[in-house]
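This report describes one protein chain, from its overall make-up down to single residues. Please keep the structure in view while reading.

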Amino acid sequence: MYIKDILYGIEYECDAEVGEIDIDNVTSDKNKIGARTLFVLVKGINFDTDTIIDYIIARHPRAIICDTDRALRCEIPVIRVPDARRTLSFACSNFFKIDYRSVRFIAVTGTNGKTTTATMIYEIVKHAGYKAGFIGTGNMGAALAQAVCKSMGGQDILLANRTP
């Protein structure tokens, strides 16, 4: 998929022409960078992006998305966005071709009975004839994109990072 398709609807700036660069992976995991990866540099709570940028550049992703003002000196195209974390979610939605605007979510919170309540809601919705997905303690951390795709009749997506 081309970067222009992955970044459709996303505000960005780049000094290089990146639209026709072909990508086969979008990730923020520094250990998953391949030759055709679009890497999104997302700052964590206890993680400083400046400490690993040289490592990321040495892995040669096709392009880097970031929201930092730091000048990255490399031959890899750098795509600047207002919010890298938000861009990652929209880029993944475009990459996996999932329109989350057409999906309805029900969240169950509380101290006790969440899994039971969520399971009953899931079964009711499913038996009412709707396509339904379920994420609970039985599959805690399953990627939302994978669960939605599978429940909507799409293909399975293998995602190694299971943190929602």
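## Surface and burial

The chain exposes about 10900 Å², and carbon and sulfur atoms supply 51% of that area. Of its 164 residues, 32% count as buried. The model is predicted, and its confidence is taken up next.

## Confidence in the model

The chain has a mean pLDDT of 81, and 79% of its residues reach 70 or more. Among the elements of the chain, strand 3 has the highest mean pLDDT, at 95, while helix 5, residues 144–151, has the lowest, at 58.

Over residues 155–164, pLDDT stays under 50. For that stretch the model has 19 contacts beyond four places in sequence.

## Order of the elements

The chain holds five helices and five strands. Read from the N terminus on, their order is α-β-β-β-α-β-β-α-α-α.

## The nonpolar cores

In soluble globular proteins, nonpolar side chains tend to be buried together.

In this chain the largest nonpolar core has 19 residues, and those with the most contacts inside it are Ile3, Ile23, Val26, Leu38 and Ile79. At least two residues of this core come from each of helix 1 (3–6), strand 3 (37–40), strand 4 (63–66) and helix 3. Helix 3 gives the largest share, four residues. A second, separate core has twelve residues, including Ile52, Ile57, Ile64 and Val78.

Ile3 belongs to the largest core. With its neighbours within four places in sequence left aside, Ile3 is in contact with Val18, Gly19, Ile21, Ile23, Leu38, Ala63 and Ile79. Among these partners, Ile23, Leu38 and Ile79 are also named among the residues with the most contacts inside the core.

Val78 lies in strand 5, which covers residues 78–80. Is Val78 buried or exposed? Its relative accessible area is 13%, so Val78 is buried, the cut-off being under 20%.

Not counting residues up to four places away in sequence, Val78 touches Glu13, Cys14, Ile64, Cys66 and Leu72. One of these, Ile64, is also part of the second core. Cys66 is twelve residues from Val78 along the chain, and the C-alpha atoms of the two are separated by 7.3 Å.

Thr87 sits in helix 3, which runs over residues 84–95. Thr87 counts as buried because its relative accessibility is 4%. Which atom lies 2.9 Å from a polar atom of the side chain of Thr87? It is the backbone oxygen of Asp83. Beyond four places in sequence, Thr87 touches Leu7, Ile10, Ile65 and Val81.

Ser93 is also placed in helix 3. With a relative accessible area of 12%, Ser93 is buried. Apart from neighbours within four places in sequence, Ser93 is in contact with Ile98 and Tyr100.

## Helix 4 and what follows

Helix 4 covers residues 114–127, which is 14 residues. How far apart should its ends be? At 1.5 Å a residue, helix 4 should span 20 Å, and its end C-alpha atoms are 20 Å apart, so the two values agree.

Helix 4 is followed by Gly129, which has a positive phi near 100°.

Most residues other than glycine have a negative phi. The two residues below are not glycine and have a positive value.

His60 has a phi near 55°. This residue is found in the loop between helix 2 (53–58) and strand 4. His60 is exposed, because its relative accessible area of 54% is over the 50% cut-off.

Lys97 has a positive phi of about 55° although it is not a glycine. The place of Lys97 is the loop between helix 3 and helix 4. At 69% relative accessibility, Lys97 counts as exposed.

Conventions
Residues are numbered from 1 along each chain as its sequence is written. This is a predicted model: local features need pLDDT of at least 70, side-chain atom pairs count only at pLDDT 80 or more; totals for chains, interfaces and linings use all residues. Side-chain values use heavy atoms; hydrogens and water are left out. Buried means under 20% relative accessible area, exposed over 50%, partly exposed in between (1.4 Å probe, protein chains only). A polar contact is a pair of N or O atoms within 3.5 Å; within protein, one must be able to donate a hydrogen and the other to accept it, and residues adjacent in sequence count only if both atoms are side-chain atoms. Contact means heavy atoms within 4.5 Å. A nonpolar core is a set of buried Ala, Val, Leu, Ile, Met, Phe, Trp, Tyr and Cys residues joined through side-chain atoms within 4.5 Å. pLDDT is the predictor's confidence in each residue, from 0 to 100. The expected span of a helix is 1.5 Å times one less than its number of residues. Accessible areas come from the Shrake-Rupley method with a 1.4 Å probe; for residues, only the protein chains shown count as cover.
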